[in-house]
Amino acid sequence: MGIVDYVLIGLIVGGAFYLLYRSLWKKKGYCHGCDSSGKCK
Amino acid sequence: MTMRNSVRPLPAPEPAPLRIAVAGNPNSGKSTLINSLAGTRLHVGNWPGVTVEKREASFERRGERIALVDLPGTYSLSPYSQEEVVARDYLVEERPDVIIDVVDATNLERNLYLTVQLLELEIPVVIALNIHDEAERMGYRIDVTAMEQALGVRIVPTVATKGAGLEALLDAATAAAGDPSRHRPRRLHYGGDIEAAAEALMAEVLRGHPDLAGRYPGRWLAFKLLEGDRRVIDEAGLQGIEPLVARAAEHLISAHGEDVESLMADARYARATGLTREVLTKPDVRKIELTEKIDRIALNRFLGIPLFLAAMWLVFKLTFDVSAPFADWLSTVTAGPFTRWTRVLVGLVRGPDWLISLVTDGVIAGVGSVLVFVPVIFAMMFFITFLEGSGYMARAAFVMDRAMHSMGLHGKSFIPMILGFGCNVPAIYATRTLENPRDKALTALLIPLMSCGARLPVYILFVAAFFPSRSGTVLWSLYVLGIVLAVLMGILFKRTLFRGESPMFIMELPPYRMPSGKSLAIHTWEKGKHFLIKAGTYILAVSVLVWFLLNLPWGVEQKKDSYMGTVGQAIAPVFKPLGFGTWEAASSLVAGVIAKEIVVGTMGEIYVPGKVEAPAGPTPSLSEDLREIGTSFAGAGKNAFTNVFSTAGIKSLQAEEDEGTTGLRSVVSKTFTPLSAYAFMAFVLLYMPCIVAAAAFKHEFGTWKWFGVAFIYQTILAWSVALLIYQGGTILGIGG
């Protein structure tokens, strides 16, 4: 494993956490009863 | 350099859009009308209470921007429910350019009660006389011209589901907004006493608060003050005005012997009833409508619940029969050609071995395991949408309402609970339709027991592995288990945490309608696409993280020695008495806390073989693979078709099991027994709500308290029920 691998892993894991935060918290799970922007006001 | 050189002409400001508020009774077709007008896809259901918040849809028409605001359905503008408050606040504070009042032509009198109140606001109104075709079929004749003259507004007959009359409606609305002075609604007279009291009161109020003249329609404000509307008094800054109002109302009360609020309601009803008598002609001989005929059976005291259970059974049976062949097809394609060619592609870009494994054993195995159930979810959502659109779901709520009320529970609670069959999250938000905070919290606590679509992949995996010949019945039993436990927990909560009486709830039963193909397609897609988005977002993210947890510490030989395996092994003993005390099952359940589909996704990653052995013989070429994919898809279609007829009893065929059970299913069938599989499914049904539902609890109640209660009671309930199933079954010698 070289430095490139570590950087790539960091990016992938960071991206996965960001995706989790964005979709679960900010977009509230994209539930179908919410409006087009995924927000249940 | 001069200033002239540096100044650029500013672009002309964009004209403000024409703001049209769409108001009406629940289930009068407002959302359908907006969807037809603006091409949007607001959630529509043939049952009341679909729109809780106001929502906006914008579009352009003949160069003019139009913003349609879909207000929640209300019967009046009194501030007694959340819907009424939302609708009234918007109309009074935002003052749209025009109101489209959607009036259900088959229910004229009740709808006109709201119309009468809308006219008080002195905003131009255009009436969409909706569901006009059904009224005609029922033999109703409505004199539109006479009605227009009586109300002083334009009335356009419409059929929103077919788009009929909508162009004329928009023409009338834009004309009314363009010249409001010519389209001011007629002032309906409520009788000398009321009018005199209102006039006198308004004169007094304006003397002390001249600024109110521009903020509120004067006559409406006077009515609200006379009714003692606390909200209006506070918002208008009229605290302390009560003695003045009492003086103005004194004569009214002494002359009529009733409080002003009842007097006002009577006056408005009198106008609505009088107008209906004038303009509506019903056929002399009353036919027994189809709706009434069906309701005699569907709402029967003894047959109602069995029929509801039978309808649910049919839905699950059809769902499984139609979708299982496509799920199998997707599973074969994902595990075979798709994985193979992805491996080739990542190899071509010289990706390291770990990246190839992450993509194939992590992303494809994880997300793919969930995606194969997309046909099942879409089939299920199609049938639920059909039941909603047909009007049967409202009957189901009514039947359950009666049963729940007899046990001291609030019947209205069942509407959000039925929504929970699709997804628990919007169902928790829908509890805001309940006025009583106690009922709201109680309903939200019970909603997670309603089996949402996210649990479906888990059920289908285990049902296909262990109960293929009784798929519909086993699926049905899980949903019924959820409902029965919700009722039992409701009774328990009502006697402990939520003591007190629930108010009566009057439920509207819409007529049965055949949902249009377009509406079915749109709403099935709207419900189902949610799962596709989930697969592409947080299920993907969790699959990636699970792969890392299964491969850390780096280079770990056995998955059970990984971080995930270690945690799984530590928790597994808790599940041993339930029949699934393996680290694999424990880890999947922990990951499933994020979303229940992830239970299957994680199993897909855990059970995927570390190194895939190349199949014997030459690797098929891409074109061979594509041909095989096409052929197997046609085969799946044929199987689904045959299964439907099997369901209808024309030909009795079992679900196909001859193509070799797909990877995950075959592993699961070796590591579980039918009994432990059923206990596992029950546990997945009942254990804690997913993270998004937890967030919904926090957003809706502003505290984590109720989520905490749900978490604790559901975890205990899930463990106890699974224990009862497994240990009880073992003692009785069933399915061990």
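Modeller: Start at B:Pro553, which sits in the loop between helix H25 (538-551) and helix H26 (563-575) of chain B. The peptide bond that joins B:Leu552 to B:Pro553 is cis, with omega at about -5°. Keep in mind that this is a predicted model.

B:Asn27 is not a glycine, yet its phi is positive, about 65°. B:Asn27 belongs to the loop between E1 and helix H2 (30-38) of chain B. B:Asn27 counts as buried because 24 other C-beta atoms lie within 10 Å, and the cut-off for buried is 20 or more. B:Ile131 is the other spot: its phi is also positive, near 55°, and again the residue is not glycine. B:Ile131 lies in the loop between E5 and helix H5 (132-137) of chain B. B:Ile131 is buried too, with 28 C-beta neighbours inside 10 Å.

Now the sheet itself. What is the strand order? In chain B, six strands form an open sheet in the order E2-E3-E1-E4-E5-E7, and the pairing is mixed. Which strands stand at the edges? They are E2 (55-61) and E7 (154-157) of chain B. Each has a single partner strand, so one side of each has no neighbour in the sheet. On average, neighbouring strands in this sheet are turned by 25° against each other, with direction ignored.

Strand E1 (residues 18-24) and strand E4 (residues 98-104) of chain B run parallel, and five bridges join them. One residue pair to check there: B:Ile20 has B:Val98 in E4(B) as its bridge partner.

Next comes E4(B) with E5(B). This pair also runs parallel, joined by six bridges. Opposite B:Asp104 stands B:Asn130 in E5(B).

Then E5(B) and E7(B). They are parallel, with four bridges between them. Here B:Ile127 stands opposite B:Ile155 in E7(B). Helix H6 (residues 144-151) of chain B lies across strand E5 (125-130) and E7 of chain B, and runs at about 150° to E7(B).

Take a closer look at E5(B). Is it mostly covered or mostly open? It is mostly covered, with six of its six residues buried. In a regular strand, side chains alternate between the two faces of the sheet.

Where do the nonpolar cores lie? The largest holds 136 residues. Those with the most contacts inside it are B:Phe462, B:Ala679, B:Phe680, B:Met681, B:Ala682 and B:Phe683. Beyond its neighbours within four places in sequence, B:Phe462 is in contact with B:Val668, B:Ala677, B:Phe680 and B:Met681. Another core, apart from that one, has 78 residues, including B:Ile100, B:Val103, B:Ile155 and B:Ala177. In soluble globular proteins, nonpolar side chains tend to be buried together.

Helix H21 (residues 437-446) is mostly covered, with eight of its 10 residues buried. Among them are B:Asp439, B:Lys440 and B:Thr443, along with B:Leu442 and B:Leu445. B:His251 sits in helix H12 (residues 242-256) of chain B. B:His251 counts as partly exposed, because it has 13 C-beta neighbours inside 10 Å. Setting aside residues up to four places away in sequence, B:His251 touches B:Asp193 and B:Ala197. B:His251 and B:Asp193 are 58 residues apart along the chain, and their C-alpha atoms are separated by 8.1 Å.

Last, chain A. It has one helix and zero strands. Of its 41 residues, 24% count as buried. Its average pLDDT is 73, and 66% of the residues score at least 70. Over residues 34-41 of chain A, pLDDT stays under 50; the model has 16 contacts beyond four places in sequence for that stretch.

Methods. Residues numbered from 1 in each chain as written. Chains lettered and ligands numbered in written order. Predicted model: local features only at pLDDT ≥ 70, side-chain atom pairs only at ≥ 80, totals over all residues. pLDDT = per-residue confidence, 0-100. Contact = placed C-beta atoms within 7 Å. Pairing = 2+ DSSP bridges. Helix = DSSP H or I, 4+ residues; strand = E, 2+ residues; numbered from the N terminus. Axes fitted to C-alpha atoms, helices over the stretch in contact; angles between N-to-C directions. Buried ≥ 20, exposed ≤ 12 C-beta atoms within 10 Å, placed from the backbone. Core = buried A, V, L, I, M, F, W, Y, C linked by C-beta atoms within 7 Å.
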